[in-house]
Every structure is written in structure tokens, then in C-alpha cells.
There are 2 protein chains.
Amino acid sequence: MFCTDAMTREGGEVVEPKLKKARANSGISTRPGRRERNKQEKRARIVGAARELFGTKGFAETTTQEIAEKADIGTGTLFLYAKSKEDLLVMVFKDEMLETFLAAFKKVPAGAPFADQLMHVFGMMIAYHAKDVELSRALLKEITVLRTPERRQDLRTLMRAIYGGIADLVAAHQKTGNFRSGANPLLAAENLFAVYYLSLLGWLGGQIPKQKFIRELRAKLDITIEGLAAPGTPKPAASKQKTSRKS
Amino acid sequence: MFCTDAMTREGGEVVEPKLKKARANSGISTRPGRRERNKQEKRARIVGAARELFGTKGFAETTTQEIAEKADIGTGTLFLYAKSKEDLLVMVFKDEMLETFLAAFKKVPAGAPFADQLMHVFGMMIAYHAKDVELSRALLKEITVLRTPERRQDLRTLMRAIYGGIADLVAAHQKTGNFRSGANPLLAAENLFAVYYLSLLGWLGGQIPKQKFIRELRAKLDITIEGLAAPGTPKPAASKQKTSRKS
DNA sequence: TATCATTTATGACTAAAGTCAGTTTATGGG
DNA sequence: CCCATAAACTGACTTTAGTCATAAATGATA
């Protein structure tokens, strides 16, 4: 998870069915046959059933049997579409997460200070997670380690969108001269997200009131923006050095 | 998880046995009776057995039956000491983690640049996780959401040590004038750790070669140290503001 | 349409985490 | 020393995720 941009291809290929040899590649707009349509429709039913049950009963309290029953399929069938219950959880919520983030980015206040822009985006995500804390906890736990290539790909897509969005904001502020141009926007984005993410985990863990969490998050982001180094301090140069101090 | 310093007490009290009423409070150094000693010894056996099996067979591949058998206790007994298999995982590794961190802090190069000091500490943690990537993955996954008050307390202790250690380093550099004194060292520590932690997760997820991971981590930390803001930019003031720009 | 290969679906079954009613062991007082 | 009570232990049992041999459905071909 939280992969950096340059990633090598996954080993786990998604094996395509072999049947339709001649049809597909002849350039004709092949609309999916009954088989494919059935599959898609079934997948939708599964995700829908799971989404509903997770939302009402909670993740741990929902059994795969219930989901299968609600989706009107056999127990075994469920596991043709999701490798595990946890896999299903990520399947269900990846889209919502992405949409929430995209919606947040779309409404970023244009001329505002960077920290305000960030807090706007993170604030919308926080509001999303606040709607069902228990579920978010379960989701973030699963996201930590993903087992199937498909879900890893999903997460990569999500993270690219997020990092890309934040990086764009950083780059924009670099252009206006607010920000120094030395910092790689993508890495900066990953830093800022990391700060948000661990704060979020802490909050979801309970114990901290939301207002305090928000206030501290803001303070932390400000620190990352301002930096720790005293102004005018000679940078420790880009490369490796052990203990020596030049000048 | 990753709780900030000021936390309210947990709701889940650890209920103490009621039997020894008069004995304990009379000020005399009460050495533990057979009951307590048995319990401690059994706990040690359980943790030892689990540690060994997790290390050799892996977390998922180890059954609670095996652990119980190796610890020479009944299946049910295991769950008197750990609420779940996952709970046991955290029980087993919290000490190692803390010790690794403390050992790393003890050997921090004294006069070195801050980024080098940080990389020393994080490098030792990374080396620790590298010894068993699979296990670390499982561990970090569980750490994300902790169910029992005991484990939450354990994690709080761990995080306090880590944040405290890093914060001390930050404070030291503030004292020498390397770092501006405006930043709260504790919040800065949390930022820096967050950057490390998410990078670590990315690396443990596979796909990224260790060298690249280390290089990027260093670059990210440098960004957090230097900050994003252009030197001499008027700070957006500490308080809330929407879109207005002063000056 | 009939045939055959391939994909998809199914639910009885397996395995393993976790529970609990009943048993054993420690403790402190008489 | 013996009893009463609380604590600790136990393994048969329950529950549920996930498997797999078998069956049904689909699509290509003639």
C-alpha cells in the first residue's frame, strides 16, 4: 500500500478467459455477451448486498452467508468474486473513497493558502470516515496489507489520485512563489498525506475528541509546510555524509 | 493507535482479583504467591511458544492449538491470556519493538545532522522489520486497530517512547539554533514518524527495492525538515482564516 | 439443432478461532 | 488441617470463513 509512483508490474496476472478468440480483436465494438453481463450484474449485486449489510450490521457482525443470501447466490460463488471477506470490504469501499477524494479536490478553494486547501480536502475525508467509524477502522486495517493483485491495483489507483491531487496543489504554490521550488511535489504530497493518515488512525482509535484532532492535524501540517530548519541554515547538501559538517 | 500524548483513561479497567484483601496493602513487600507466579510463568511460556511458532511457520500458518500445545496448556487457557490470536501477536512483539527503538536511540550519533540521526534510528527499525517481512506486515496490520485496552496501553507506551525520543532530538537541534524554535517538537516528531511509517508500509507491501525505499525516505524527511514554504514568506498566521489573504 | 469445451455456480464439507459449563487448584480463615 | 470461596484451567462444542468436487450454463462449431 501507499506505493510510490514508479512500481513494477504485479506478478499476479488477471487471467482473461480464452474462449472469445476471433471476436474480440477484429476491431468491431464487441458489446459484452450474456456471460459477461451476468457476471457484472452478479458482481454488482454482491457489492450492493455487502455494502448494505456492512453499513447496517457492521463488518464483523456480517457473515458471508448473509451476503451471499442477500445477493441471491451460493456461498461458494461469493468467493469467486472476492478472495476473502476482507477483500470484499475493500472492493465495496474503494469507489466511495475515490469519489470522496475527487469531490473534495474539485471544490478546493482556488486562491486560498495551501494549509486551508489541504484541510478542506482532508476535512471532507474525515467527515466521510466519521459517518461510520467502526467501518472505517476495519477498512483502514485491511488497506494496510492487501493480499490480491486486484486490490493492490485498486489502492494504487486511489493513492495515485490522492498524491497527484496534492502534488498539483503543491506545484501550483511553487509556481506562485509561495513555496520554494526545490521540493519534489510528489514526495511532499506523500509526506502531507502520511501526516493526515496517522492522525486519522489515532482519531479513529477513539480517545481523542474530533476538535482536538482537527486542531492538531492543522498544526502538524503547518509544521510540515514551514519546515523545522532555521531560516538561512546551510542545507546539509543532498548527498550522503556521516558526521562531518561543512563550514 | 498512534495516540497523542494527552489521552483520557481507558474505559476498560483491568479487574484485579479480589481475594488478597488485607495482605497487599500493609506496606510489607508482598512477594507474589504461587498463583501469581504460575500465571506469570504460564504467560511467559505462551509468549515464548507463540514467538517461536510465528517466527518459524509464520503468523497465518500457526494455529492457536499448536501454540497451546507447545506452551503445554489447554486450548481455552490461551484465550485467558490473549483475547485473540491477533492480540497475541501484539503481545509477543511489543517488547521487541520497544527494545529495538530504545537500542536505536541509544546509539544515535551525537553531533550529526538531524536527518542522519533520524535515518540511523529508522534504519535500525527497518533492519528489524526486514528480518521477517511477512511477520512485520501482519504485525503492522494488527497495530492499526487494537481491540483490547491492554494492547492499546502497550502501543501508547511504545509510541510515547518513540515520539519522545524523536522530540528530544528535535528539541536539541532547536537549542543549537539549527532548527527554528517555533515548531512543537512533539508534533514534529509525529510528522516525521508518520513519513517513516507510511514509507515502511509501502516497502513492506513489496514492489519497491529496499535501496529506493531508503533513498526516498531520506528525501521525504529532508523535505519535512526544510519545509515547503519559500524562505521569508509571511506565515499564514496561526489561526483560522478562510480564503482571504492578508497583505 | 446437437455436440463439445470452457467458464461459472453451488452447497456440503473442512479447518480453525474462540466460547463456556464444568473441573481443578490456590488461598485465607477457623 | 480442613473447609469455603475465588481464581485459573480445560477440552468438547459452536460458529464461520473458505474449499472443492460436481453440476449447470454459455458459447463456438458444424
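Domain bounds here come from an automatic or database domain assignment. By that assignment, chain A splits into domain 1 (34-81) and domain 2 (83-226).

A word on the model. It is predicted, so local features need pLDDT of at least 70 and side-chain atom pairs count only at pLDDT 80 or more, while totals for chains, interfaces and linings use all residues. Residues are numbered from 1 along each chain as its sequence is written, and chains are lettered from A and ligands numbered from 1 in the order in which they are written.

Back to the domains. Taken over C-alpha atoms, the centres of domain 1 and domain 2 of chain A are 28 Å apart. How many residues does each give to the contact? Domain 1 of chain A gives nine, and domain 2 of chain A gives 10. Contact means that C-beta atoms, placed from the backbone, lie within 7 Å.

Now a helix pair. Helices are DSSP runs (H or I, at least four residues), numbered from the N terminus. In chain A, helix 9 (residues 185-204) and helix 10 (residues 210-226) have axes that come within 10 Å and cross at roughly 160°. Axes are lines fitted to C-alpha atoms, for helices over the stretch in contact, with angles from 0 to 180 degrees between N-to-C directions. So helix 9 of chain A is roughly antiparallel to helix 10 of chain A; that label needs an angle over 145 degrees.

Who touches whom? Helix 9 of chain A brings residues including A:L192, A:Y196 and A:W203. Helix 10 of chain A brings, among them, A:F213, A:L217 and A:L221.

Note on methods:
Contact = placed C-beta atoms within 7 Å. Helix = DSSP H or I, 4+ residues; strand = E, 2+ residues; numbered from the N terminus. Parallel < 35°, antiparallel > 145°, perpendicular 65-115°, else oblique.
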